[in-house]
Structures are given as structure tokens and as C-alpha cells.
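Please keep the structure open while reading.

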Amino acid sequence: MKRNHDRAEWIASRDAFLIERHMADAMAAPHWHDHVELNLLMEGQMTYLFNGRQEQVEAGRLVLFWAAIPHQTIAVTENAPLVCAYLPLVDFLALPVDRGARQLIMQGRFLTQGPQENPDVSMFARWEREWQSGSKARRKLIVDEVRLRMRRLILDNAKIETVPTQLFPAPMAGHAVGYVEGLIDLINMHYANPISIPELAKRANIHPSTANSAFRKVLGISVNEYLIRYRMARAMQLLTDTDAPILQIGFDCGFGSSSRFYEIFKGRTGTTPRHFRESVSGMNPLAG
């Protein structure tokens, strides 16, 4: 339990890189943090509830996702060790990867390694071991290796079509999941517009309180919180991949005013949009 507590405290730090191993277990509720996760289940099987959808994970199959999107393990076999690498978002955005692929990840794509032989199990075990006891230089090397492994996984997934949504097990069944999926689709289409929660609920043919209740039940957050997170993801993407004026990006992502954009952006990232853009381009001017 102490290990999980320590991990929960670390997750609050948005600027830290970490590799750690723990026994996977079912979470009581979804959680989120501002890193891109690279996970490898060493034994057994588990099921993620990710962005309102169920994702099956098998031992030895590498997975990658943006952890700012609410996620929760809902089923895990006993004694299933999981090794996780957490890369800060600013480092991920600086990777020289395809812009379209990066956009899909920030919009909720859950990437998995294809059914091919790979040395990930032994490599992840070495990473975790050396991260705990290695020198500063060796830790730096591990960070570089994680970045390269992420790039390869993204490249391997470049032509994979969207995986059909799977049916939820009985505890997750009901109208809530359908409501959430419909609302997410509406937000993805209309996030740039000054749309309100009552308007979104009306388009989905449900009551606003029902919409928020379904979101909290499935994702653990309100509809408005998801909308803000989605707008933030698109703004970060545009700040990284384009030279568009910052004010224009704020309006294009639905923030309505420059003051609102700067207030939310700094509150969520700890920095301004301009400094965020400069930090990403400074880390890797060839990114994208």
C-alpha cells in the first residue's frame, strides 16, 4: 500500500520522469496525470477503462496512452507485475514523430504493440532495475531509450485502424456508457465552438444532470472538465506543431477570450502558452 501511496504522490508532479514496478490491481475510481505512459504487463492480463472504452492488455504487449485522459484498471489477474514508464508531456511533444499520430494520441488513441516478438520484457526489467540503482548518466540513458521505444511503437501503429469499441462487462453496462460515448463524439466535433453543457446534453437528447452523472460514473469527471481537457490537448498540439498566433489558437480551441485561455493554460500547466511553445521548440526544433 505504501508503494501505491508513494506513486500517487509522485503523479502530482507534472515535470518528473519515472519508471516503477508494482502489482497491478483494480482501481476504485479513474485517475489521471499529465504524462504519457508506456506500460508493460509482465504476467497475466488486465483490462483498462480508458476514455470510456474497454481495452484488453495481455502480458508482454506494450501499451502507450496519454494519462491526462481518465483511465482505470477494472479487472486484473492475481499477481500481475506491471512496469510503467512516465514521460512528461512536454518531453513527449518534443519527440520527432508524425503529427497525425501525436494528434490521435492526444485525442484518446490507446496504442498497443502488434503480435510480434520483441525484447520488451527483459528491456523493461532492466530499465526498472537500473532506474532504482543506476548512476545519473545511466538514468539519462534510460530516458533516451524510453523516448526511442515510444517513437518505434508510434511508427508501428501508423497504419492501424481504429479498434472497434468492445462491450463492457456487467458492472459497467447500462445507459451511462452510451451517454458518455455520444457526448465525447459531440465534444470532439464541436469543441472549437462556444458550446455549453446544456447545449451538448440537448444534442445528445439527455438532461444536463444525466450527462454529468454518466461522466462521473464512467470517467470520474464532469462533462465540463473533459471539455477543458480536450481543448487543452488541442491547444498544446497546435502550439507544438504550428506557428499560428497564440491568440488565434486560443480562439480556435474554444476558449472564447485571451484572458480565459491564459488563465486555464497556466493553471493546468504551470506556464504560459508562449513559454510552453518556447520550451518545446527549444528541446527539439525539428520535432514533428
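Of the contacts in the protein chain with a separation of 6 or more, 72% are between residues 24 or more positions apart, where contact means heavy atoms within 4.5 Å. The model is a predicted one, in which local features need pLDDT of at least 70 and side-chain atom pairs count only at pLDDT 80 or more, while totals for chains, interfaces and linings use all residues. Residues are numbered from 1 along each chain as its sequence is written, and side-chain values use heavy atoms, with hydrogens and water left out.

The protein chain has 12 helices and 8 strands; these are DSSP runs numbered from the N terminus, with helices being H or I of at least four residues and strands E of at least two. Of its 288 residues, 49% count as buried, a term that stands for under 20% relative accessible area, with exposed meaning over 50% and partly exposed in between (1.4 Å probe, protein chains only).

In helix α8 (residues 208-218), the buried residues include Ala 211, Ala 214, Phe 215 and Val 218. Seen down the axis of α8, the buried residues fall within an arc of 100 degrees, so they line one face of the helix; the arc is that of the directions from the helix axis to the C-beta atoms. Arg 216 and Lys 217 are exposed on the other side of α8, whereas the cover over its buried residues includes β3 (45-50), α6 (175-190), α7 (197-203) and α9. After α8 comes Gly 220, with a positive phi near 85 degrees.

Helix α9 (residues 223-241) also meets helix α11 (residues 258-269): their axes come within 11 Å and cross at roughly 95 degrees. Axes here are lines fitted to C-alpha atoms, for helices over the stretch in contact, and angles run from 0 to 180 degrees between N-to-C directions. The two helices α9 and α11 are therefore roughly perpendicular to each other, a label given to angles of 65 to 115 degrees. Among the residues that meet are Ile 228, Met 232 and Leu 239 in α9 and Phe 261, Ile 264 and Phe 265 in α11.

**Two buried residues**

Where in the fold does Asp 120 lie, buried or exposed? Asp 120 is found in helix α4 (residues 120-133) and is buried, with a relative accessible area of 0%. Its side chain is joined to that of Arg 149 by a polar contact of 2.8 Å, that is, a pair of N or O atoms within 3.5 Å of which, within protein, one must be able to donate a hydrogen and the other to accept it, residues adjacent in sequence counting only if both atoms are side-chain atoms. Not counting residues up to four places away in sequence, Asp 120 also touches Leu 40, Leu 62 and Gln 113.

Val 63, in strand β5 (residues 63-66), is likewise buried, with a relative accessible area of 2%. The C-alpha atoms of Val 63 and Leu 40 are separated by 6.6 Å, although the two residues are 23 residues apart along the chain.

Most residues other than glycine have a negative phi.

Methods. Angles under 35 degrees count as roughly parallel, over 145 as roughly antiparallel, 65 to 115 as roughly perpendicular and the rest as oblique.
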